[in-house]
Amino acid sequence: MDLGYTLTPWPYGLLVAPDELEMDTDEAIDLLMETIEFVCDFWCLPMPSEFEGWEQALESRHCPGEVPGYQTQLGPHLNWLRCPSAWMEGGLIPLAVVVFASHDDLARAAGTWAGYAYFGTVSLGEGMAPMLTESIAIPYQSFQHGPGILAHEIVHWLQHVFGPEHVVLSEGMARRTEDAWEGDNSFQRMAAVFAESGSLLEVPWPLAYDVGASFTDYVWSQSIHDRVELWESSCSRSTNICEDYEALVDYREEGWRASLSGMEPTEADRVLLEAKLQELTLVQAMLKPVLSQSASDVLSTIYVFQGTQEDLAQFWDLISVLPIEPDEAAWQALEERERTLLHVAMRNAEYAAPPSPSGELLLSTTDVFWLGEVDPGILGPVLGELADLREAGDWPGYYGRYVELLREIIAEGTIYPDLIPWWDPATDRGES
Ligand SMILES: [Zn+2]
């Protein structure tokens, strides 16, 4: 079967590259190995032992049940193989790195534009070959322009060895590593603004990366000579991830705050923090098919630490002006993005939700790829209304509603408890 992809085994799994890219797989594998070495070195972790038996697993990919030692799981779009033995022994599980030709291709496959790369399970489409266990989905650009993002996702892969962890730590450690590769420590400026009034127990989702990177940085700079300890202490051995995180915060928050007190945030820092809180780069990606150059320019200014409060307001003013009616391709590009609203709403609801009594997780990055199967709940009618406006060709009506939803769901992060099956709004309303 011609998949349009070439599958190449590498020491830790499988590289999946689209044929259209004519990618140099040897070069890509070298880069993968180099990135893993960097991450392990940075965290003082030993290099994982290499996996064997790929040829056998690959040959059997059309009948995964026949691979000894592997368990088959059937997803709505794909079959994939799990290797429970490695997992059970606390070892790493093999990693498929799936390269997409562009970020748009990846976003289309994921059903969401709310992410640049993912760690989870990737579907290559119905009837495609089963994927091997965990996957990183990443656009090719990340191979071309330096693998900071690759390093970020590899941290998520390694984190699996140590058990589940709180988002602030898992994303914080990943961002810290990414920024170490890129020599960037601007997360400290964001953290300094946040620390003025925010609590580590209530970090809004979009700030978990920067604030988490700063907290991570502080924790390991303290008594921990061996960074492995941070992994172990930050990852939950018990079933209550939140309680473990709270204990760490209780112990370290004061010192973390003190470590930032010498920094004096500028207005531009505050403006950027607000832009991140509103996820304006995502708003930009959602509007890309019709976004004006002037709105893009305003954001660029903000993201290079040169923005003012007026710029934030101006961005929203600029995007509220109705663009000329788009051509068919742009209409379609907007339509593809609509489900991102559902993803962001579910992600935010899950992050804010009380722990499930049964310990179930609503949405993981894995599920992102299955958003098509997710019950949209309260957002069903909202997305339906948007679709009606689109189908009626009502451009002013559609665009106005679209921007309203960008503001409500992405920028304001409105929480819809109805999206969480176990969340009883009668008792929990008001939490966010
Ligand atoms: Zn991440």
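The paragraphs below go through a predicted model of a protein chain, from its overall make-up to single residues.

Residues are numbered from 1 along each chain as its sequence is written. Because the model is predicted, local features need pLDDT of at least 70 and side-chain atom pairs count only at pLDDT 80 or more, while totals for chains, interfaces and linings use all residues. The predictor's confidence in each residue, pLDDT, runs from 0 to 100. Its mean over the protein chain is 80, and 75% of the residues reach 70 or more. Over residues 122–132 the pLDDT is below 50, and this stretch has 37 contacts in the model beyond near neighbours in sequence. Residues 60–90 also stay under 50, with 59 contacts beyond four places in sequence. Two residues are in contact if their C-beta atoms, placed from the backbone, lie within 7 Å.

The protein chain has 20 helices and eight strands. These are DSSP runs numbered from the N terminus, helices being H or I with at least four residues and strands E with at least two. Of the 432 residues, 40% count as buried. A residue is buried if 20 or more other C-beta atoms lie within 10 Å of its own, exposed if 12 or fewer, and partly exposed in between, with C-beta atoms placed from the backbone. Among contacts between residues at least 6 apart in sequence, 72% join residues at least 24 apart.

Strands count as paired if DSSP finds at least two bridges between them. A hairpin of two residues connects strand 1 to strand 2, and Y5 has P18 of strand 2 as its bridge partner. Strand 2 is also joined to strand 5 (residues 95–100), by four bridges, and these two run parallel. Here L15 stands opposite V97 of strand 5. Five of the six residues of strand 2 (residues 13–18) are buried, so the rest of the structure largely encloses this strand.

The loop between strand 2 and helix 1 (25–42) holds E22. E22 is not a glycine, yet its phi is positive, about 45°. With 9 other C-beta atoms within 10 Å, E22 is exposed. E279 also has a positive phi without being glycine, near 50°, and is found in the loop between helix 12 (267–277) and helix 13. E279 counts as buried, with 21 C-beta neighbours inside 10 Å.

Helix 7 (residues 167–182) has 16 residues and reaches 22 Å from first C-alpha to last, close to the 22 Å expected at 1.5 Å a residue. That expected span is 1.5 Å times one less than the number of residues. Twelve of the 16 residues of helix 7 are buried, including E171, R175, R176, E178 and D179. G183, with a positive phi near 65°, follows helix 7.

The axes of helix 13 (residues 280–287) and helix 19 (residues 395–411) come within 10 Å and cross at roughly 145°. L282, V283 and M286 of helix 13 make the contact with L406, I410 and A411 of helix 19. I410 also is in contact with V344, a residue of helix 16 (residues 328–352). The C-alpha atoms of V344 and I410 are separated by 6.7 Å, although the two are 66 residues apart along the chain. V344 is buried, with 25 other C-beta atoms within 10 Å.

Definitions and conventions: Axes fitted to C-alpha atoms, helices over the stretch in contact; angles between N-to-C directions.
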